[in-house]
Amino acid sequence: MTTAPSPMFDTDELVINMGPQHPSTHGVLRLVLKLDGEKVKDVDVVMGYVHRGIEKLSENRDWTQIILLTDRMDYVAAATNNLGYCETVEKLMEIEVPRRARYIRTILAELQRIASHCLWLGTHAMDIGAMTVFLYAFRERELILDLFEEYCGARLTYNSMRVGGLPLDIPTGWDEKVRAFCDVMEAKVPEYEELLTNNRIWLERTRGIGVISAEDAIGLGLCGPPLRGSAVYRDVRKDEPYAAYDEFDFEVPLGTRGDTYDRYLIRLEEFRQSIRIIRQALDGLPEGPVMGKVPRLLKPKAGETYHAIESPKGELGYFIVSDGRATNPYRFRVRPPSFCNLQGLRPLVIGHLVADVVALIGTIDVVLGEVDR
Amino acid sequence: MMEITTVHYTVLSAALFSIGVIGVLVRRNIIIIFMAIELMLNAVNINLVAHAHRLENLVGEVFVVFVIAVAAAEAAVGLGIILAFFRNKETVNIDEMNVMRW
Amino acid sequence: MAETIGFYTLSVLILGLAVLVVTAKNTVHSILFLVMNFLCVAVLYVVLQAEFLAVIQVLVYAGGIVVLYLIVVMLVNLKGEAEAHQDPRRLSVIGLALAGAVLLELAGILVYSSGSDAAVPSSEAVASPVQGNVEELGWLLYTDYLIPFEVASVLLLVAMIGAILLARREV
Amino acid sequence: MIDTIVIPLLKIAVLVNGVLVAVTFTVLMERKVIAWAQSRLGPMRVGPYGILQAIVDPIKLILKEDITPAKADKWMFTLAPILSLVPALVVFAVVPFGGDELFYVTDINVGLLFIIAVTSIGVYGIILAGWASNSKYPLLASLRASAQLISYEIAVTMTLVSVILTAGTLSMIGIVEAQQEAGFWFFFVQPVAFVLVLIGGLAETNRAPFDMPEAEQELTGGFHTEYSGMRFSMFFLAEYANMLVISAVVVVLFWGGWLRPFPNVAALSFLDFIPSWVWFFGKMFGFLYLFIWIRATLPRYRYDQLMRLGWKILIPIAIGNIVVTAVVKVLL
Amino acid sequence: MDLIWLIPVLPGVGAALNGILGVRYFSKTVAAGIACATMGGSLLLSVFAFVQLLGAEHREHVVSLGDWIPPIPLQTVNGLGAFEVPWAFRLDPLSGMMILIVTGIGFLIHLYSSAYMSHEPRGGYVRFFCYLNLFCFFMLTLVLGSTFLVMFVGWEGVGLCSYLLIGFWYHKKSAADAGKKAFVVNRVGDFGFVLGVFLIFFTFGTLDFREVAEAAAQLPVETATFGVLSTICLLLFIGAVGKSAQIPLYVWLPDAMEGPTPVSALIHAATMVTAGVYMVGRNAVLFSQAPMIMTTVATVGVVTALLAATIGLVQTDIKKVLAYSTVSQLGYMFLATGVGAFAAAAFHLMTHAFFKALLFLGSGSVIHAMNDEQDMQKMGGMKLYMPVTFVTMFVGSVAIAGVPPFSGFFSKDEILYRTFLDNKLLWGLAVLTAGMTAFYMFRLIFMTFFGEYRGPSWGSQNGDDHAADDGGHHDDGHAHAWHGPHESPSLMTGPLMVLAVGACVAGFVGIPAALGGDNAIEHFLEPAFVAESAAHSEEGAHEVAHLSHAAEIGLMAFSVLIAAFGIALAYHLYVRRPERSKELATNWAGAHRVLTNKYYVDEAYNATLVKGTMGGARGLWTVDRKVVDGAVNGTGWFTRASAWVSHVLDKYVVDGLVNLVGWVCAEGSYIFRRGQTGLIQNYAVAALFGVFTFVTVYLVARFVGL
C-alpha cells in the first residue's frame, strides 16, 4: 500500500470537483460536490469563470452600443436579451414602438425561445445519455438560425433590435419561411416526445428527481419553467404583457409535481405554444414602419426604471438609471433568470446521486454567459 | 529429467503450502495474509487433484469444489471483517489488531 | 518429455509467483501475482485432466475471489505504510524457520516414500453412468456428495449474508 | 506436428487479426449507423463513404503520443489495457464461426464455462486502469464498472445455466448441434433467457444504456480518462471485441450458430447453398446492429437503477427460468 | 368427503394471505372479506362433509395427504416400531360435530368481529383477522387430525393463537401479561399431553387414534392397579386440564378476557377450551379402561364447576362472570366424561358452544355500546337501548341456566342424570352448581339490562331517540365522541340472532327418552367412543343402568327447580331490591356485617343461602389467594432462607476456594501472560510448532522404523 492516490474512502465524505471543465456543466460552471458514496451531501456552486463585466462595461457605452453587449449574455437567446433591453430604454424614454415592430419582435422572441429550448432539450437528453435527441433538436435549431441569418445576417449574436423599433423590416418571403418552419417544428416535437416522454429509462431518470415545492420555488426566487414546473402560475408575458403578447392567445403550461419530468414536459409544451404565437403574429402582421420616432442622440432624462420580460429561461429584468446628462446609463443592472435559477441547484441536488446532478443542471437550463455576465 | 509422478505434484504442493505459511507468519498486512491463506488452499487443491488423477477417482476433485466454496465464503466474510475493522481503526496492520474490542 | 518440461515450467512459475505474492511491497501488485499464480495452477489442472476445475479455478478464484480482494484494497486506501508498525514481540523469524523446517521434513517424507508410490493400488473406479470430466464430477456431486454440496451452498449463503452485514455502513 | 501446432497457430493468427480488423470496422459501422439514426452522414472523407476511416482511425491512435501520468503506477498502467484486451481475444478460441472444423480454433468440453471464466478476467483491466491512473474519476468509474460487470456476470451465468440445461452440453459446438438435433433454435424455447443474456451482455460490455462507467457526462470518460494513444486504443478494441463476443455467444446459444433457419425442415434446404459462416456472420451482424441501434435510441440508466435491475429483476428472473427449465426438462 | 383437508386449509390460506400480504396492502374490507370468505368456505365444506357422513354407511372417513414424518425406527415396548406420521384427517361423528361447531360459530364470530373491531387501525385489524383465521386453521387441524401428533400440531397452534389474540392489544401491559400467563399455564398441561403421547407410542407403537383405541381395548381394564393405561390417561388428562382450564390450571382463563371479546367468545368459550373435553372424548376407549382416572376426571370436573360457579357469583366484570361460567361449564363436561357419559359431554359441549358464544358476543355488544366499559355496576337499563342484544342474551342465559326447552336444559340434564346414576355426591354438587349458574347468569342479565342506567353520562343526553339514531352511524368512531349506549350494527346483531336461534333449538337433537325423544345425538356419537371391535361384538351390551322415566323426570324437575330458584333469587336481589345488591357489591369487604344488619326482610335467605354462598365464595377466593399464594410465598421464603444459608457457605467456603484458585492463577499468570501477546501470528507459530512436532515424530518413527 505504498501508493495512496487519494483519500477517497478514508472518510465517509468524498469531495469531487465537477467542472469548470466538465462536459455536462453547460459551460464553465463548477460544482464542488461532497459525496457520501454516490450520494450528494452538499454542493458548492462556484461561478464567475466567464465574468466579463458587462454591467459595468455598459455604463461606459452609449445606449445603442449596449444592445450589442446584451447579445453576449444569454448567447443562445440573444434576440430576447435585445428585446428586454430595448423595451427598458423605451420605457425610460417613453417612446412609442410601431405595432409592426412589436409584432416582429414577438416573432423573433418566440423563435428565439424555440431555439433556446431546442438547445436545452438536446443537451439535457444528452446529459442523460440519449444522444440522438441532441442531433434532432440541433437540426431544428439550425433552421431557426438560418431564419435569423436571413433576417439580420448573424447566426448567434444578432444585435437585431434598436431602441424604438427594429433596424430592418423583414426580408421579402421571410414570413412564409417562418410559417414553413412552424409546420416543420410542429411535426418534429412529437418526434422528440416519441424518443423520450414515455421511455421507461427517461421516466426513471427524471420522475421524482429534483422535486421542489411551490413554496420553496418561490422562496428561492426561481422563475420560468422551473417555477412553473412547481405549479406556480407566473409568466411575464401574461402577467405584465410586453411587445404584442396581449394581443395573442396562448396558454402557460404548468407542472404538478415539480420534478425534472414536469419541467421537461413544460418546455415541450412551450414549443407548441410558441408556434401558436408565431402563427398568430404572422397572420395578424400589420403594415407600417418598423422604427418609431426616436431622437438622433439617445439621452433619456434623469430617472430610473425596471422592466422584465419572459426569456426562455425565465424572468429577464433590466434596471437602468439615467442621470439625464451623459449619453450612457448611470447604473445598469440585469436580473438574469439563469442566475436566479441557479440558486435552486443546491437544494435540488442535495440528496440525489451524482448521476442526477447532471440531469438537474440540465433541468434548470443555465447559460453561464448570463449567470456570470 | 524423469517421468513426472504424483510425488512431484505433492512436493510442489508442499512447497506452495510452505510459502503460504511463511506469508501468513511473516507479513503484517492482513490482506496479504489472506492471500497467503488462499495460496495454502491452492496447495491443498493441487494435492487433491494430483491424487484424483493418480487414483482415477474423481472424489478428490469433488473436494476441490468444496475447498473453493469454502475459500469463497472465507474471502467474503474475511474481507467484510477487514472492511469493518478498517472503518474503525484505519489500519490493515495485523500487529495493531491485538485487542478483542476497542 | 513435453509433460516434464511443462511441469517444471509451471512449477517454477507457480512457486516464483507465490514468492512474489508473499514478498511484494504493494498490495495491488501482490494481488496481480496471485491472479497469475492461480492461472498457472489452472493450467496445471488442465495437465492433470481436470478441465472443469481449471475453468472453475479461473472463474471463481481469479474472476471472483481475487477481484473481491482487489476491490477491498481499493476501498481500504491507506494513507501511510500498511506495515509501518511492528510489534516487538513478533516471532516471525521463528515462524520462518519452522516453516522451512516443515517443508524440508515434508519433502524428506515424500522423497523417502516415493519408492512405494507405485505400490499403491488404484482404487475402484467410480461407477458413474456418464463419461467425461464434467459429467462425472456432476454425477458425483449430485449423488454421493449431495448433502455436502447443499451444505456448501448454505455456507455460501451464510457467508454472503454475513459479509453484507459486516461491510454495511452503520445501520 | 502440422495438425497439432502449425494449423492451430495459423488459425489463431488469422482469428486475432480478423477480430482486430473486424473491430475497426465495427467502430466504423457504429459511427455510420448512429449517424444515420441521427440523420447525419457520418464519416465521409476517407475513402468512398468513409470506409477507410476504419484503417485511418487505428493508425491515428497508434501514432498519438502515449502519455503516462506522472504519479501513475507505470507497470499497472501499462498492464491494465493488455489485461483488458487479451481475455476479449482469447474467448474467440472456442467460438465456432462455421460448421466446418476450419472455422473454429478448438472445441473444448467446457467451452461455455471457458467463455464465462475468461471474460471474468477482463474486470482486472478495468479496475487496474482506474487504480493505476491515480485519479479520482477513473477510480470511481472503475469501481462502478467492476461492480456492474460482476453483478451482471452473475445474472448472465445464471441465465446460461438454463441454456446448458436445454442443450445438455457445455461445448459450443455441442450446443449448436443440439439445436440442429432439436430442429429449432433455442431462442424459441428460451426467449426469456435470450432477453436476459442480451441485456446482461449490454451491461457486461458497458454499452448504452448501461454505459455509466464511461459516461462522459458524469465521469468525463470513465476508467480510461487518463489513457491516450495505443493504450487507449486497446481499451477501445477490448470493448468492441467484447461486443463481438456477446453477439457471437448469443448467436451460438440462441440463434443456431451457423445453422440455417429450421435446420430440419427439408423444404428449406435450398438455403443450404449459403455457406454456414455466412449465416453466422449475418446473425452476428444483426446483433451488432441491434447493439448500435439501442445505443442510438435509449437514455442512460442511473447507477443505482442499473444495480437494482441486475440484482432485483434479472437475477430472480434468471433463477426462475432455471427452475422452469429444469422442471420442463424433467417432465419431458 | 375427500376434500375435508380443505376445511382447515382454507382458513390457513386466509391467514397466510392476510398475514403475508394483508398487513401491508389490504384494506380493512378486503381483509375481513378474505377471512370471512375462507371461513364461510370451510363452513360450507363442513356442512357437505357432515351431510355425507350422515348418509354414509360406515361413519368414519380418513383422508391422508401424504407423509409428514417418514417412517423412522423407534424403540417401543414391543421392539422397534415405525414412527410414522402422515398428514391424515379423520372425519367421524365426533369430529364432524366439532367441525360444524368450529366453522359455524367461527364464521359467525368472523362476521361479528368485522364490525366489532372496526375501530382498530388498519394494521391491527388485518392482524386480528390473520390470527383469527390462523386459529381456525389450527383448531380444525386439532379436531380433524387422525393421529395424536397431527392433533398436537393443532393443539399447540391454538395455544399460540390464543396467546397472540389475548395479547392482541400488546401495548396494554395487562393484556400482554395475560397472554403470557395463558401460554405458560398451557405449557404445563401440554407437557403432560406430550408425555402421554410419548408413552402411547412407546406402548402401542402407533399414534393413530383408531389403532390406539383398538389396541387399548384389548388390554385389561385397570380397575385396581395403576398401570400404563392409567398413566397415559392421567398424562393426557393433565393436558386436557391445562387446555380446558380445570383445577388447578384454570387460572389463565379469567385473565384471558383481556383479549378482544370475539376472541373470548370463539377461543375461550366455544372452541379451544373445549379441546380438552374433545381430546378426552376422542380417547374414550383409553379412559374407559382406566376407571381410577375416570373418577379423578369426574371429581376434578365437579369441583371445578362448583368453585368457578361460586367465584362467578361475586364478580362485577361482565366478562369475568362469563369466564368463570365457562370454567364451570367445562367442569360439567369433565364431570360427564368422568362418569362415562362421553356423548353427554359432547352434547353439552355443543350446546355450550352456542349459548356461551352468544353470551360472550352479547356482552361484547354491550361493552361496545358502553364505550368499552366492562363493569356491570356501571350499566343497567340497557334493554331500552339495545333490545336485540337484550333478547338474545336473555335467551342465552335461559339456555345456560337450564330452563326447558332451551338447549342447556337437555344437555345439562343428561349430565346430571348420568351423574346421578354414577355417584350421588357428585350429583349433589352438580345440582348446586346448576343453581348457582342460574343465579349468577341472571344476576348478570339483571344488572346489565334492568334497573336504572348507572353509567357515565354522554354528550347530549336528550333521551332514547338520539341513542337509537346513533346506532346507524356509529362507524365514525364513537371512541372519540360517544353518544351514549346504542344498539350494535347489524353485522354484530346478526350473528347474535343466529346464535340465539341455535341456543334455543340445539338441544332438540338430544331429547332424552324420558321426554319422548330418542336422544339422537348420543346414538350418533356413540361409534366415536368405543373401539371398533367393541362396537361390533358388544352391540347393545353397552347399556347402563336405567332409572324409570318417572324418576328421571323427577330429577329433571328438581334441577329445573333449582335453576328457577337461582333465577328468582337473582331477580329478587338485582331487580326488586337493586339498592341492596348495589350496597352489597360496593361494600364488598364488609359483606358479612352488611348482610346481617340491613336485610331484615330477607333474613332467612341471607342467613342460609346468600351469606353462606357469598361467604363460601369469598372463602374460596381467599383460599385461592391465601393458601395457594401462601404456599407460593412460603416457597419463596424457604428459597430465601436457604439462599441465605448457601450465601454464607458461598461466601466463605466456595469463594475462599475460588479466590484461592484465582490467586494461584493470578500469580501463576505472570509467567503465562508473556505468551498472550494478542498477535495472531504468534499463535499461528504455535500451531505451526505443533505441526512441526507431529511431522518430526512421524519422520523419526519412519526412520526408526516403528
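1. How many helices and how many strands does chain C have? In this predicted model, chain C has six helices and zero strands, and read along the sequence these elements follow the pattern α-α-α-α-α-α. Buried residues account for 36% of the 171 residues of chain C, and among the contacts in this chain between residues at least 6 apart in sequence, 43% join residues at least 24 apart.

2. On confidence, chain C averages a pLDDT of 80, with 84% of its residues scoring at least 70. Among the elements of this chain, H2(C) has the highest mean pLDDT, 89, while H4(C) has the lowest, 81. For the model, the scores are ipTM 0.71 and pTM 0.59.

3. The unreviewed UniProt entry lists residues 6-24, 31-48, 54-78, 90-112 and 145-167 of chain C under "transmembrane region". Two of these spans can be compared with the model's geometry: residues 90-112 of chain C are 91% helix and 0% strand, with end C-alpha atoms that lie 35 Å apart, and residues 145-167 of chain C are 96% helix and 0% strand, with end C-alpha atoms 32 Å apart.

4. Of the 102 residues in chain B, 61% are buried, and among its contacts between residues at least 6 apart in sequence, 45% join residues at least 24 apart.

5. Where chains C and B meet, 70 residues of chain C are in contact with 63 residues of chain B. The elements of chain C that give two or more residues to this side are helix H1 (2-23), helix H2 (27-47), helix H3 (51-75), helix H4 (92-113), helix H5 (133-142) and helix H6 (146-167). H3(C) gives the most, with eleven residues. By residue class, the side of chain C that touches chain B divides into 50 nonpolar, 14 polar and six charged residues.

6. In chain E, helix H10 (residues 261-270) deserves a separate remark, because ten of its ten residues are buried and the helix is therefore largely enclosed by the rest of the structure. The buried residues of H10(E) include Thr261(E), Pro262(E), Val263(E), Ser264(E) and His268(E). Among the elements that cover the buried residues of H10(E) are helix H3 (93-116), helix H4 (122-144), helix H5 (148-166), helix H9 (252-255), helix H14 (318-338) and helix H15 (342-369) of chain E.

7. Chain A contains an open sheet of three strands in the order S4-S5-S6, with antiparallel pairing. Its edge strands are strand S4 (303-311) and strand S6 (331-335) of chain A, each of which pairs on one side only, and the twist from one strand to the next averages 10 degrees. Strand S5 (residues 314-322) of chain A is joined to S6(A) by five bridges, the two strands running antiparallel, and Ile320(A) has Phe332(A) as its bridge partner in S6(A). Helix H3 (residues 78-93) of chain A lies across S4 and S5 of chain A and runs at about 150 degrees to S4(A).

Conventions:
Residues are numbered from 1 along each chain as its sequence is written. Chains are lettered from A and ligands numbered from 1 in the order in which they are written. This is a predicted model: local features need pLDDT of at least 70, side-chain atom pairs count only at pLDDT 80 or more; totals for chains, interfaces and linings use all residues. Two residues are in contact if their C-beta atoms, placed from the backbone, lie within 7 Å. Helices (H or I, at least four residues) and strands (E, at least two) are DSSP runs, numbered from the N terminus. Ala, Val, Leu, Ile, Met, Phe, Trp, Tyr, Cys and Pro count as nonpolar, Asp, Glu, Lys and Arg as charged, and the others, Gly among them, as polar. A residue is buried if 20 or more other C-beta atoms lie within 10 Å of its own, exposed if 12 or fewer, and partly exposed in between; C-beta atoms are placed from the backbone. pLDDT is the predictor's confidence in each residue, from 0 to 100. UniProt positions are given in the numbering used here, feature names are shortened, and annotations may be inferred rather than shown by experiment. Two strands pair if DSSP finds at least two bridges between them. Axes are lines fitted to C-alpha atoms, for helices over the stretch in contact, and angles run from 0 to 180 degrees between N-to-C directions.
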